[in-house]
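Okay, thanks everyone for coming. Let me put the model up and we'll go through it together.

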Amino acid sequence: MAETSIKVPEGGAKITIQNGRLNVPDNPIIPFIEGDGTGPDIWRASVRVLDAAVAKAYGGKRQIHWMEVFAGEKANNLLGTWLPDATVDACRDYLVSIKGPLTTPVGGGIRSLNVALRQMLDLFVCLRPVRWFKGVPSPVRMPEKVDMVIFRENTEDIYAGIEYAAGSDAAQKLLDFIQANDPKAFDKIRFGTKAKAEGWQKALEGIGSPARDVGVNVGIGIKPVSYLGTERLVHSAIAYAIQNKRKSVTIVHKGNIMKYTEGAFRNWGYEVAEKFFGDKVYTWEQWERTKAADGEAAANAEQKAALAAGKVLIKDSIADITLQQVLTRPDEFDVIATLNLNGDYLSDALAAQVGGIGIAPGGNINGVTGHAVFEATHGTAPKYANLDKVNPGSVVLSGEMMLRYMGWTEAADAIIRGMDAAIAGKRVTYDFARLMEGATEIKCSEFADEVIKGM
């Protein structure tokens, strides 16, 4: 049986933060969760790549000291809990950590271990860069045009998890409150009373539906969106765009329908842009004001001059149109700032365009406190566990994000070179091999070897 307590590696030191800047020693201790299902296979391959990149870049002057912490099935088997306090404490104390895929317990308890970690550490940015590696099979004609970075709000929206089960006392109390305090809103709840429900049931019986007793069965969820939650997410996205010389930030929302949540997110996003970055950005709101005052030609000229001067364009797009246009006009998108559910859909849809979620990296970050958890974005795939078969790319590239976050850009660049070379050589895991002409299928561990050789 594995040791159940966390072993702090000797010779390592903590990453700290001071005045908003990370202080990364040459020997940082980084907690890792190997993950469930295929997690152990992936982690064994990925950690070799990360260590090789650091060694290659710094010639032994820097070294990560890995510290295993426990979550998921392994934690439950060893400690009788899916997410031990000690694991959360370690991620909090050591600031930067990385994890493989985790199983979420079935039948109650924590809704999602991933969401729980994000909320406990207030990791308000889910950072999902999406780019294509040459040679990766893609279902779209021009995947090379996809080069986006998604800033997905991590702590609000429907992922806050405020839900009440249909038929529960809590749901009924909320229905009663809405009926008493906002009758017009209550009328929009289609089957919020027993009379409405029974009336529709009778209509169904008229066309052959079986007779049954229907009560009020309405599940209710609450969607919180705040100014401060919007401010810190959009501020992070714009700061990233300026620092990395990106051309635009698109605020993606469904504000045409949800005017006081998604619509507020849009409006507050523009406010944040002009309040904090006025001399570095040009917004579509500015364009609208100039158009109203001086006409469309003047507005177009103003925008053109601002962009020529290197300012970042801040614009917005309705979520459903965005999902279409990232397919048809992907080069018009650069950095995206959006709420949680929209970001979930967008990041997975974009991952499919560049090779699938198997190589999609992710990071959950609080840029104020410095806390960050980098993670595989795919599931545990238990049927492939211990077969040394699956693509380790998601964790490898999440590690690349982690190294870049730490300021170890030379090591991060080495990983990108290694991935480029491994894929170009067409010695790849089964998910790519079955789609690439002339490819040789190799094991998860062997793909790590190819990445290391390619550095």
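This is a predicted model: local features need pLDDT of at least 70, side-chain atom pairs count only at pLDDT 80 or more; totals for chains, interfaces and linings use all residues.

Numbering starts from 1 along each chain as its sequence is written, and side-chain values use heavy atoms, with hydrogens and water left out.

So, domains, with bounds from an automatic or database assignment: domain 1 is 1–124 + 361–454, domain 2 is 138–154 + 224–354, and domain 3 is 163–221. Between domain 1 and domain 3, the C-alpha centres are 46 Å apart.

Now the sheet. Helices (H or I, at least four residues) and strands (E, at least two) are DSSP runs, numbered from the N terminus, and strands pair if DSSP finds at least two bridges between them. We've got 11 strands in an open, mixed sheet, ordered β4-β3-β5-β15-β14-β6-β7-β13-β10-β12-β11. The edges are β4 (65–68) and β11 (281–283); each has a single partner strand, so one side of each lacks a neighbour in the sheet. β11 pairs with β12 (residues 312–318) in parallel, over three bridges, and V281 sits opposite V312 in β12.

Last, the helix pair. The axes of α14 (residues 393–405) and α15 (residues 409–424) come within 7 Å and cross at roughly 155°; axes are lines fitted to C-alpha atoms, for helices over the stretch in contact, with angles from 0 to 180 degrees between N-to-C directions. That makes α14 roughly antiparallel to α15, the label for angles over 145 degrees.

Terms used
Angles under 35 degrees count as roughly parallel, over 145 as roughly antiparallel, 65 to 115 as roughly perpendicular and the rest as oblique.
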